[in-house]
There are 2 protein chains.
Amino acid sequence: MIQIAIVGYGNVGACAADAVRLAPDMELRCIVTRTESRVPLSLRPLWVSDIQNIRAYGEVDVAILCLPSRLCPATAETLLQAGISTVDSYDIHPEIWAQKCRLDAAAKAGNAAAIIAAGWDPGSDSLLRALMEAMAPRGITYTDFGPGMSMGHSVAAKAIPGVENALSMTMPIGAGVHRRMVYVQLSPDASFDTVAQAIRSDPYFIHDETHVIQVADVKAMQDMGHGVQMTRRGVSGSAHNQTLEYTMRINNPALTGQILTSAARAVTKQLPGCYTLIEIPLIDLLPGGKEELVRRLV
Amino acid sequence: MIQIAIVGYGNVGACAADAVRLAPDMELRCIVTRTESRVPLSLRPLWVSDIQNIRAYGEVDVAILCLPSRLCPATAETLLQAGISTVDSYDIHPEIWAQKCRLDAAAKAGNAAAIIAAGWDPGSDSLLRALMEAMAPRGITYTDFGPGMSMGHSVAAKAIPGVENALSMTMPIGAGVHRRMVYVQLSPDASFDTVAQAIRSDPYFIHDETHVIQVADVKAMQDMGHGVQMTRRGVSGSAHNQTLEYTMRINNPALTGQILTSAARAVTKQLPGCYTLIEIPLIDLLPGGKEELVRRLV
């Protein structure tokens, strides 16, 4: 059995805990989060307040990091150096390569392994982009997101001073271009114009058409549904008009928590180092023996 | 540069030759086929009549087998034992595991590597089935094929005595169930009833609703277009109704030839042994450096 720690207990952490407890080959060893009250009563016996004490209830093989992206690399580095493998859904695309190199060194130092960017984008969508390119090497792949709440963008908007709560909806307008609809609930003394300007100039939003809308109650609008449509039209050999499409409609934190959990299984099968999902065999994500999986899936 | 031999020069072989010549990291070293006249004039200088002479024009790293499935394992075994890596699109699903074990031994004996079942089903569809299961471990995946010509089934129908030419169309009737429409052109002395009965009881057709129709000219009906719709509805953690869909509409031999070519790249990066596509990292299928690929695709 793979011994799992969940680090961070927001929406994704709670979903990862569900996925781990339903996995046939995993045991949930502990949940690391500062605030005990966030952990449901049934899981309170597994609560740990600080990653320094992550081994309080026994050895941990893999820590599933369910933290905001910006906190993942430093936490992963600490755990890897201590010999605990990590998986995360770090989603700041331009920084993935640099953070992978950083965690690769930490993993090798600690004789552990890491999988970075193992959510759905980056994550499962990355696998589809790689596969589609192997099938039709020349062409264009478009990834259209939504409609749905972007967790990363909502967290980024919430971090703006004066914002009490925020919901960033991603609206696909085609060919990989998106509109951001950001619903904000302000603290009493905040200026809407200042907040709206700060959101529009944040790195998460600056490249997209972004609309900021003030609302009284963000919670009443929250739905965790999200979607992707990915399309590649391209050329296989000298044959044009090859058309490959992938569409999903999903509960967002549940899918992220599940992919992180599948990646936690895969990370135990890798040599020391840090990997993205496109660098590991897909069979490693699944429980069961190789013969059964090849017979059933290939 | 990876030195490639193409073994077999039917529809798939011709498409694989196109894909190899367009790959930035490959050189087409030779084409192995019994009948010289099948090879277009521009490629005649690369013609070899027999795999015994596969090294006639220089060293070969990988042989891309573009033969009927039933001929692939023995040919691959011979080449692997001689130290030449192989890829094939062997598509007899229930036999894949046994043939993989056979080629694994041959590959290790010859210090080479093989990728088996590297077309689109088995092949890229297998990757999607594995990925979808990692994203939603409980649920059902349906693979619906067509409408389109099945190369494997057409070859099987053509092998029936009395059949001069045959075209087997796969018609999706939903939930992974298919109807086979088999158009046959008979030799003058053949009995249609005998042929129809032989086709319906062939292992390729016996499990499906199969209609056999006599026509005067099969060639006039041939279109290489094909398609797949794959759907998984399942559960991530405790979240139900996760909906994942994949659809493609493609030139069939062109896609098979391209995936074989991408697999020929990947096979050079594997340790000795035989693999299915779900056992190798997707990044290995693509040309270019790891940093560039991770930055662009993850």
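Student: What makes Ser262(B) count as buried?
Tutor: Ser262(B) has 2% relative accessibility, and buried means under 20% relative accessible area, with exposed over 50% and partly exposed in between (1.4 Å probe, protein chains only). Therefore Ser262(B) counts as buried. A word on the background: this is a predicted model, where local features need pLDDT of at least 70, side-chain atom pairs count only at pLDDT 80 or more, and totals for chains, interfaces and linings use all residues. Residues are numbered from 1 along each chain as its sequence is written, chains are lettered from A and ligands numbered from 1 in the order in which they are written, and side-chain values use heavy atoms, leaving out hydrogens and water.

Student: Where is Ser262(B) found, and what is it in contact with?
Tutor: Ser262(B) is in helix α7 (residues 252-267) of chain B; helices (H or I, at least four residues) and strands (E, at least two) are DSSP runs, numbered from the N terminus. Leaving aside neighbours within four places in sequence, Ser262(B) is in contact (heavy atoms within 4.5 Å) with Ala134(A), Asp284(B) and Leu285(B).

Student: Why are α2(A) and α3(A) called roughly parallel?
Tutor: Helix α2 (residues 72-81) and helix α3 (residues 96-110) of chain A pack at an angle of about 15°, with axes 7 Å apart. Angles under 35 degrees count as roughly parallel, over 145 as roughly antiparallel, 65 to 115 as roughly perpendicular and the rest as oblique, so α2(A) is roughly parallel to α3(A). Among the residues making the contact are Leu80(A) of α2(A) and Leu103(A) of α3(A).

Student: Why is the pair of Trp120(B) and Phe145(B) called tilted?
Tutor: Rings of Phe, Tyr and Trp (its six-membered ring) pair if their centres lie within 6.5 Å; planes under 30 degrees apart count as stacked, over 60 as edge-to-face and the rest as tilted. The centres of these two rings are 6.2 Å apart and the planes are at 50°, so the pair is tilted. Trp120(B) lies in the loop between β6 (113-115) and α4 (124-135) of chain B and Phe145(B) in strand β7 (residues 138-145), so the pair ties together parts 25 residues apart in sequence.

Student: How do you know that the copies meet through the same surface?
Tutor: Of the interface residues of chain B, 98% are also interface residues in chain A, so the copies meet through the same surface.

Conventions
Axes are lines fitted to C-alpha atoms, for helices over the stretch in contact, and angles run from 0 to 180 degrees between N-to-C directions.
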